[in-house]
Amino acid sequence: MSKDEMVSLTTALLHADDRKFAILLHTEIFDKLPLQNQQDILQELENRQAKLDGRKPYKVVIQYLEDPRLQGQCCRNENGEDVLILNSQIFESKIGPVAPRVINTLLHEGRHAFQHESIFNDSDKVSFQQKLEWLAVLITYCEGNGDTFCLYAMQNIERDSRRFARKEMERINQYFTDL
């Protein structure tokens, strides 16, 4: 399939049902698309996940983050927009397929968006106890820099986000199995 045909396929499937949309997430398609098409697909994935979560979608931004271990961030940018930043180094890496790493990162950071929205907005998606636990971690949050990486990884909001992303990746991979 030529690059032009793949871009046309992307346009056709971008707003299709979940099963058809999942085709765009397959490594054989996603990794061969231009970066702008990849970003469009990731934004649509975030829009769909936000709808399922009952929260507003965050803007997906591909940006260079200096630390290559930092794959993404959920934050508010200088313009006051809520964004999910994906480290551009993931897209540039020649180590294995891009799609699974970048999609997993997006789902992980999207889960942080859900956690923040649940804590700070009136959400009934999680228990009051869970909100308190997440809030306590946010107050004492440990960044994953250098020697503190183990502490960072053990925080319950990070474990929850990894678990969520893994579960969603399994669901997406099931679409591929069913094809």
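1. Helices H6 and H7 are roughly perpendicular to each other, a term that covers angles of 65 to 115 degrees, with under 35 counting as roughly parallel, over 145 as roughly antiparallel and the rest as oblique. The axes of H6 and H7 (residues 128–139) cross at roughly 110 degrees and come within 9 Å. Axes are lines fitted to C-alpha atoms, for helices over the stretch in contact, and angles run from 0 to 180 degrees between N-to-C directions. Helices (H or I, at least four residues) and strands (E, at least two) are DSSP runs, numbered from the N terminus.

2. On the H6 side, Arg 111, Phe 114, Gln 115, His 116, Ser 118, Ile 119 and Phe 120 make this contact, and on the H7 side Lys 131, Trp 134, Leu 135 and Leu 138; contact means heavy atoms within 4.5 Å. The residues of the contact of H6 with H7 comprise six nonpolar, three polar and two charged. Here Ala, Val, Leu, Ile, Met, Phe, Trp, Tyr, Cys and Pro count as nonpolar, Asp, Glu, Lys and Arg as charged, and the others, Gly among them, as polar.

3. The model is predicted: local features need pLDDT of at least 70, side-chain atom pairs count only at pLDDT 80 or more, and totals for chains, interfaces and linings use all residues. Residues are numbered from 1 along each chain as its sequence is written, and side-chain values use heavy atoms, with hydrogens and water left out. The average pLDDT (the predictor's confidence in each residue, from 0 to 100) of the chain is 87, and 96% of the residues score at least 70. Among the elements of the chain, E1 has the highest mean pLDDT (97) and helix H1 (residues 3–13) the lowest (71).

4. The open sheet has three strands in the order E1-E3-E2, with mixed pairing; two strands pair if DSSP finds at least two bridges between them. Strands E1 (59–63) and E2 (72–76) are at the edges, and each has a single partner strand, so one side of each lacks a neighbour in the sheet. On average, neighbouring strands of this sheet are turned by 30 degrees against each other, direction ignored.

5. E1 and E3 (residues 82–87) run parallel and are joined by five bridges; Lys 59 has Val 83 as its bridge partner in E3. E2 and E3 pair in the antiparallel sense, also over five bridges, and Gly 72 has Leu 86 as its bridge partner in E3. Five residues lie between the strands in the hairpin of E2 and E3, where Gly 80 takes a positive phi near 80 degrees.

6. Helix H4 (residues 35–53) lies across E1 and E3, at about 145 degrees to E1. Helix H6 (residues 98–120) packs on the sheet and touches E1, E2 and E3, its direction making about 155 degrees with that of E3.

7. H4 and H6 pack at about 35 degrees, their axes 10 Å apart. Among the residues in contact are Leu 42 and Leu 45 of H4 and Val 102 and Ile 103 of H6.
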